[in-house]
Amino acid sequence: MTKIKMAVIGLGKMGIHMIHQATEAELSEKVEIVAVCDSSEGNLTSFASSHPETKTYTDFKQLLDTHPVDLLYIAVPPKYHYSVVMEALKRKIHVFCEKPLANSVEEARAMLEAAEKADVVHAIHFSMPHEPSVVKLQELIRQETIGEIRKIDLILQFPQWPRAWQQNAWITSREQGGFILEVGIHWIHMIQNVFGAIRVISSQVQFPENTGECEHEVQAAMELEDGTRIQLNGIAHFAGEERVSMVVYGTEGTIALENWDQLWIGRIGEPLDPVVVEESLSQLPVLKHVIARIQGQSAKIYDFNDGYHAQLVLEALRNPDQS
C-alpha cells in the first residue's frame, strides 16, 4: 500500500501532537510526514534535529509548490487558516484543519465552497464526538434515559486565561483568541452533533476596556430547533477551580458531562452517580478517520460543513452586535 504523504503547517503544541500520532504504530504504515512548515526558524531547527529525514520550510506556499503532498494538516492560529487552506485546495490536496475552521463566517463559507469544488477530503479537528464519554452520552440521550430534554447548561470557567500550558501571543487577543473560541467551539460542535442545530438568541460578552484582549465573561441564551433552551455561562480570571461542563436536564433525570470526560447521571430527586465509560468506546484519533476516508473507507469525520455551522454559532456568540 502506498503511504499517504502528509505535510504539517505549524509546529506548535497541536502540530507536534499530530506528528506524534502519525508516527505511532497504528498509523505509521499508512501515512508519512514528508514536510513541515513553521514561521519560527527555532522551531524548525529543533524539529530537524530529531527528524532529519523531513523537509522543513518557513513558507507554506513554497512547500506546496515544491513538495508532493497528499494531505495537509493545518495547525496555525485561526486568522491564518483561510490562506493556507485555500492554497491547498487550489492544488487539490486533502485538508485536515484545526478548529475553529476560520476567523469569520465569510471565510468559513468560502472555504466550504472551495473544498466542495475541489472534490477532496476536507476535515476539521473536532475530537469531542470521538471521546468515549461523548459516545456514551449520545447513547444515553438516544435511549431517552432521562426522558425528554428540558434544558441544557454550558459552563466555561477559567481561573486563569490563558491556562498555564497555553502561553502564546494570539490566544489572549480579541481578534482570534479567548475561551469562547478556543474551548467553546468544541462544545458548540458537540452539542450540534448530539442534539441538533443551535440558534443564538442573545449574547452578552464583557471585554476589558481599552485593550485588544479577549473576553472575560459571557452570558448567552440559545436554543435547539425544537425550542429546547441552552444557557451559556462563562467567566475567566477568578479565585476557584476550572470547570468546563455541560448539564442536561430531562423530564426524568439529569446527565452531566463534567470537565470534558467525567459522565454523571441521576434520576429526579436523587444525587448524580458516575457512569462507567468503557475506553473501548473511544474512536480516537481523528487522524485515523481522515486517512481512512482518503483511502475510500468508511470513516467518521467532521467536514467543513460542520465547521461552517459551528462558526455561525461561534461568531453570533462573540459578536452579537453583528449577528
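Which residues in helix 9 (residues 286-294) are buried? Select that helix to begin: V286, L287, H289, V290, I291 and A292 are buried, where buried means under 20% relative accessible area with a 1.4 Å probe, protein chains only. Helices are DSSP runs of H or I with at least four residues, strands are E runs of at least two, and both are numbered from the N terminus.

The model is predicted, so local features need pLDDT of at least 70 and side-chain atom pairs count only at pLDDT 80 or more, while totals for chains, interfaces and linings use all residues. Residues are numbered from 1 along each chain as its sequence is written, and side-chain values use heavy atoms, with hydrogens and water left out.

Then move to H130, in the loop between strand 6 (122-124) and helix 7 (132-142). H130 counts as buried because its relative accessibility is 0%. Display its contacts (heavy atoms within 4.5 Å): leaving aside residues up to four places away in sequence, H130 touches V135, L281, S282, Q283, L284, V286, H289, K300 and Y302.

Finally, display the whole protein chain, which has 10 helices and 14 strands. Its radius of gyration, taken over C-alpha atoms, is 20 Å, close to the 20 Å that the globule rule gives for 323 residues, so the chain is as compact as a globular protein of that length. That rule is 2.2 Å times the number of residues to the power 0.38. Buried residues make up 52% of the 323.

Notes:
Buried < 20%, exposed > 50% of the residue type's maximum accessible area, 1.4 Å probe, protein only.
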